[in-house]
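Try each one before reading its solution.

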Amino acid sequence: MRRALIAIALAACQPHAPQSATAVHLALPTTGSDGVGMDYLAFDPRTHAVWVPAGNTGAVDVVDAGLHVTQITGMATREVERDGKTRVVGPSAATIGDGVVYIGSRGDSSICAFDDHSFAKRACATLDSSPDGLAYVAATRELWATTPRDKSLRVLDSATLAQKARIELPGDPEGFAVDRDRFYTNVEATTVAIDLRSHAIVATWQPGCAPEGSHGLRLDAQAGHLFVACSAKIDVLDVATGKLLGSVATGDGIDDIDYDAAAHVLYAGGARAGTLVVAHVDAAGVPTVTATIATAIGARNGVVDDRGRVFLAHSAGSELLVMPTR
């Protein structure tokens, strides 16, 4: 009996081997051989659709519950040079508002609102710095944008998209999460909490993401858990104190992550590992891996829909990988 218990304990400590799942390879419209540049995706629970800013194509691809793709075209693109290479950028971020979806673009530093049913364009605004992540803040009816090129956040009126404030930060903001009182973002290897109304930094925490820095963020506001993505793990912080509650190893190459608050389940796509890690989070904030699913090298930034399907951006393949997890 003792040997059996030891064997069970040792097995529990071993890393989870990737499991197989019947993935759907959903091809996206493209005009060339460079793939489809994707970054922040968003799932709209009102319409059951996934919004996919498709950067270099100058379009946003909207994927309905039946996996049919509708393109919103005509958005600006531009060429940029990084690390000696030239690439085309355009629409790059989406967030869900009240009956609208906001799209941020690196092509012309614009943010536009689109009707979530008709896809008609509503208000637009152009910032003086390229937006990265977008977050709709229901409590204040605002749209917050991270603008890492000038180490700031921008606060916009959600109806008119007029800029209300610029918040300076001590470094480049990366990732975001929001509750009724605070906006959370990572500044290099630190995580900061910003009061929604005073715009003051009210807390600074040090998750264990050094030296590579922190990436995506998600929040369980009811449980008081903040999830911070490092490159190959996720740390869980107490939002009241910043205390580390738990941590879970993931495949390497994590950027953005997603979380199902009703089921208390985390989803992390490791681009370098080619895996999707699924982890359940208990009431104390301790995550436990329940599945490690093989995906594709480069697949990342997954969002989960209300059927438990995770949509992963696979830019090199000009596709979304749609992974069933239930």
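For charge counting, Lys and Arg are positive and Asp and Glu negative, with His and the chain ends left out. Keep in mind that this is a predicted model.

**Exercise 1.** Count the positive and negative side chains of the chain, and find how far apart the centres of the two sets lie.

*Solution.* Start with the tally: 27 side chains are positive and 37 are negative.

**Exercise 2.** Check the radius of gyration of the chain against what a compact globule would have.

*Solution.* First, the expectation: a compact globule of 326 residues would come out near 20 Å. Next, the chain itself has 19 Å, which agrees. For the outline, the C-alpha atoms fill a box of roughly 70 × 45 × 40 Å along the principal axes. Finally, burial: 56% of the 326 residues count as buried, where buried means under 20% relative accessible area.

**Exercise 3.** Describe the secondary structure of the chain, then locate its largest nonpolar core.

*Solution.* Step two: the largest nonpolar core holds 29 residues, and Y102, I111, L143, W144 and L161 have the most contacts inside it. Strand β12 (residues 134-137) gives this core its largest share, four residues. Step three: zoom in on L143, which touches Y102, I111 and L161, among others, along with L134, A135 and Y136. Step four: there is also a second, separate core of 16 residues, including L41, A54, V63 and L67.

Note on methods. Residues are numbered from 1 along each chain as its sequence is written. This is a predicted model: local features need pLDDT of at least 70, side-chain atom pairs count only at pLDDT 80 or more; totals for chains, interfaces and linings use all residues. Side-chain values use heavy atoms; hydrogens and water are left out. Helices (H or I, at least four residues) and strands (E, at least two) are DSSP runs, numbered from the N terminus. The radius of gyration is taken over C-alpha atoms; the globule rule is 2.2 Å times the number of residues to the power 0.38. Buried means under 20% relative accessible area, exposed over 50%, partly exposed in between (1.4 Å probe, protein chains only). The place of a charge is taken as NZ of Lys, CZ of Arg, CG of Asp or CD of Glu. A nonpolar core is a set of buried Ala, Val, Leu, Ile, Met, Phe, Trp, Tyr and Cys residues joined through side-chain atoms within 4.5 Å. Contact means heavy atoms within 4.5 Å. Lists of a residue's contacts leave out its neighbours within four places in sequence.
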